[in-house]
Amino acid sequence: MLLLTTFVAVALYSAATFFQWQILKGTRRQPRTTNQLLSWGGFASHTLAAYLVLHPDSGIHLGFFAVGSLVSWLVVAIVLLSSLRQPIENLFVGVLPIAVITTLLAGVVPEESVARNYTGGVIIHILLSVLAYSILTVAVLQAVLLSRQHSALKHHHTRGLVASLPPLQTMERLLFEMLWSGLILLTAALASGFIFLDDLFAQQLVHKTVLSIVAWVLYTTLICGRLFFGWRSHTATRWTIGGFILLALAFFGSKLVLEWLL
């Protein structure tokens with residue numbers, strides 16, 4: 001069942017990515033509902049595959065690839081739900097290939113980490129952390145698109161990618177909506193960690209904690225810069241990417257070292 005749902009998700013996500021890329025390049029015209037249906041079908045299969053990976057009989061499995069699949073599942077969910085009310089389908093080109101890779105690795109590659117039973121408070125902290133990271137992943141993809149759009153408009157290139165995107169002001173507004181949501185969730189995740197975890201600065205957690213706090217400072221500075229100094233476009237992109245790199249190192253770097261290198 002795990003292999004079946006994994007390969008169905010990979011196939012549907014891949015088809016949706018291909019069609020969206022064709023639309024993005026302007027070589028294919030196609031109703032947006034087609035890609036929506038393909039993406040929702042892949043998401044449904046991904047949901048079952050992620051559940052089977054994360055919930056073996058002995059508890060909750062939070063290995064490196066399992067968490068990667070969970071994060072990509074949440075990222076796809078956020079983009080799909082947001083695309084129902086906002087024109088952000090072009091994010092499929094960045095989001096769905098990530099989901100293909102993480103779903104495939106989680107379903108095929110065996111991991112040495114064992115499943116565990118967690119307390120309710122720790123589960124809340126984990127869910128908040130994963131959701132914050134997922135929203136900020138979507139934000140960094142949005143920031144990259146915004147940067148490309150700003151550069152193209154600056155050089156008077158109005159075809160291809162730019163023609164398929166919403167106005168620049170709308171793209172910026174969407175980016176900062178994502179950043180606000182991600183920052184709120186990251187704040188809640190850090191607060192819950194201090195409340196529910198015994199020692200956030202223990203040897204195996206200190207790097208994750210410090211990097212997450214530094215990322216929180218970067219995102220908070222970016223939001224304040226937007227509110228008080230009107231930071232836009234390239235400045236927002238650089239700060240968004242910088243914060244995301246720190247969170248990626250905190251979120252996956254520590255798991256990679258602990259589970260695969262040590």
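## A tour of rings and helices

Select Trp40, Phe43 and Trp73: ring pairs link these residues into a cluster. You are looking at a predicted model. In total, the structure holds 7 aromatic pairs.

**Stop 1: Phe43 and Trp73.** Keep these two on screen. How are their rings arranged? The centres are 5.3 Å apart and the planes are at 15 degrees, so the pair is stacked. Planes under 30 degrees apart count as stacked.

Now colour the helices. Phe43 belongs to helix α2, residues 32–54. Trp73 belongs to helix α3, residues 64–83. The pair therefore ties together parts that are 30 residues apart in sequence.

Is Phe43 buried or exposed? Its relative accessibility is 11%, so Phe43 counts as buried. Trp73 has a relative accessible area of 23% and is partly exposed.

**Stop 2: Phe229 and Trp231.** Select this pair next. The ring centres lie 6.5 Å apart, with the planes at 25 degrees, so this pair is stacked too. Check the surface again. Phe229 counts as exposed, at 63% relative accessibility. Trp231 counts as partly exposed, at 23%.

**Stop 3: Arg226 and Phe176.** What sits over the ring of Phe176? The charged end of Arg226 does, 4.3 Å from the ring centre.

On α3, the contact residues include Phe65, Ala66, Val75, Val76, Val79 and Leu80. On α4, they include Phe92, Val95, Leu96, Ile98 and Leu105.

**Stop 4: Thr137.** At 9% relative accessibility, Thr137 counts as buried. Which residues does Thr137 touch, not counting those up to four places away in sequence? They are Val75 and Phe244. Val75 is also one of the α3 residues in the contact with α4.

Key:
Residues numbered from 1 in each chain as written. Predicted model: local features only at pLDDT ≥ 70, side-chain atom pairs only at ≥ 80, totals over all residues. Heavy atoms only, no water. Phe/Tyr/Trp six-rings, centres within 6.5 Å; stacked < 30°, edge-to-face > 60°. Helix = DSSP H or I, 4+ residues; strand = E, 2+ residues; numbered from the N terminus. Buried < 20%, exposed > 50% of the residue type's maximum accessible area, 1.4 Å probe, protein only. Lys NZ or Arg CZ within 6 Å of the ring centre and 35° of its normal. Contact = heavy atoms within 4.5 Å.
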